[in-house]
Amino acid sequence: MEHASSRPARKTGRPLSFDRERALEQAMLLFWRHGYEATSLNELTAAMGITSPSIYTAFGDKKRLFLEAVGRYLSGPVTSETIIADANSAREAASNLLRSSAIGFTGADTPPGCLLASSAISCSAAAIDVQRELAAIRLSIETRLRDRIVTGIEAGELPAATGAEALSAHVMAVIQGMSTLARDGASREKLLWVADAAMAAWPAPN
């Protein structure tokens with residue numbers, strides 16, 4: 001999956017005196033836990049172990065730091081893009097997205113829920129540009145799933161009358177809801193039940 005923003009060019013000058021990747025990881029976890037606007041610069045500097053000037057030197061500003069943290073959150077050996085691309089069917093793509101979300105939202109070493117969903121919900125009008133960036137990322141995932149469903153319809157995996165856009169939106173809505181449940185303290189087992197229940201409504205082939 002494409003990152004929300006490319007890494008900003010760092011200003012020239014003395015080499016950084018801290019581990020940039022470790023600092024970014026700590027920022028990601030903080031944004032994940034509290035959301036974009038609720039995370040203060042003081043909290044970021046404390047968690048990252050650096051000064052405010054170092055944040056601006058290495059990342060540009062809070063928004064760029066957040067978007068780079070989002071890029072880190074979305075990257076990894078297993079992404080929504082690879083889940084959809086590697087699936088043998090549209091049904092498998094949707095099921096794997098749901099189940100991987102249930103697992104990712106309930107990690108033992110990470111905050112509960114989804115960083116994208118949590119940050120988007122808590123954004124005020126002052127951060128509408130950030131909210132739009134997050135919405136675009138979610139839409140790109142939904143579009144990939146929709147395209148995979150269209151391929152499935154053409155291959156006879158799904159009835160010809162299946163609404164690909166509605167079905168992909170349904171899966172994304174369930175994932176959003178699972179994030180909220182996770183932040184409310186729902187267990188991984190419960191989220192997996194929700195994922196399986198959502199797939200029970202998947203259209204059967206003709």
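Is Glu-68 buried or exposed in this protein? Glu-68 is buried, with a relative accessible area of 6%, where buried means under 20% relative accessible area, exposed means over 50%, and partly exposed lies in between (1.4 Å probe, protein chains only). The legends below describe a predicted model, in which local features need pLDDT of at least 70 and side-chain atom pairs count only at pLDDT 80 or more, while totals for chains, interfaces and linings use all residues. Residues are numbered from 1 along each chain as its sequence is written, and side-chain values use heavy atoms, with hydrogens and water left out.

**View 1. The whole chain is built from ten helices and zero strands.** Helices (H or I, at least four residues) and strands (E, at least two) are DSSP runs, numbered from the N terminus. The C-alpha trace spans about 65 × 35 × 35 Å along its principal axes, and buried residues make up 45% of the 206 residues. Among contacts (heavy atoms within 4.5 Å) between residues at least 6 apart in sequence, 72% join residues at least 24 apart.

View 2. Of the area that domain 1 buries against domain 2, Trp-32, Glu-37 and Tyr-73 supply 44%, more than any other three residues.

**View 3. One salt bridge crosses between the domains.** A salt bridge is a side-chain nitrogen of Lys or Arg within 4 Å of a carboxyl oxygen of Asp or Glu. Asp-129 forms a salt bridge with Lys-63, and their closest N and O atoms are 2.9 Å apart.

**View 4. Arg-20 and Glu-68 form a salt bridge, with the closest N and O atoms 2.6 Å apart.** Side chains of opposite charge can pair when their charged atoms come close. This pair links distant parts of the chain, since Arg-20 belongs to helix 1 and Glu-68 to helix 4, 48 residues apart. Arg-20 counts as buried at 11% relative accessibility, and Glu-68 is buried at 6%.

**View 5. Arg-72 and Glu-21 meet in a salt bridge at 2.7 Å, N to O.** Here too the pair links distant parts of the chain, with Arg-72 in helix 4 and Glu-21 in helix 1, 51 residues apart. Arg-72 is partly exposed, with a relative accessible area of 26%, and Glu-21 counts as partly exposed at 30%. Glu-21, Glu-25 and Arg-72 are linked in a network of salt bridges.

**View 6. The side chains of Arg-148 and Glu-157 meet in a salt bridge at 3.7 Å, N to O.** Arg-148 counts as buried at 14% relative accessibility, whereas Glu-157 counts as partly exposed at 26%.

Methods. Buried area is the accessible area (1.4 Å probe) that two parts lose on being put together, summed over both.
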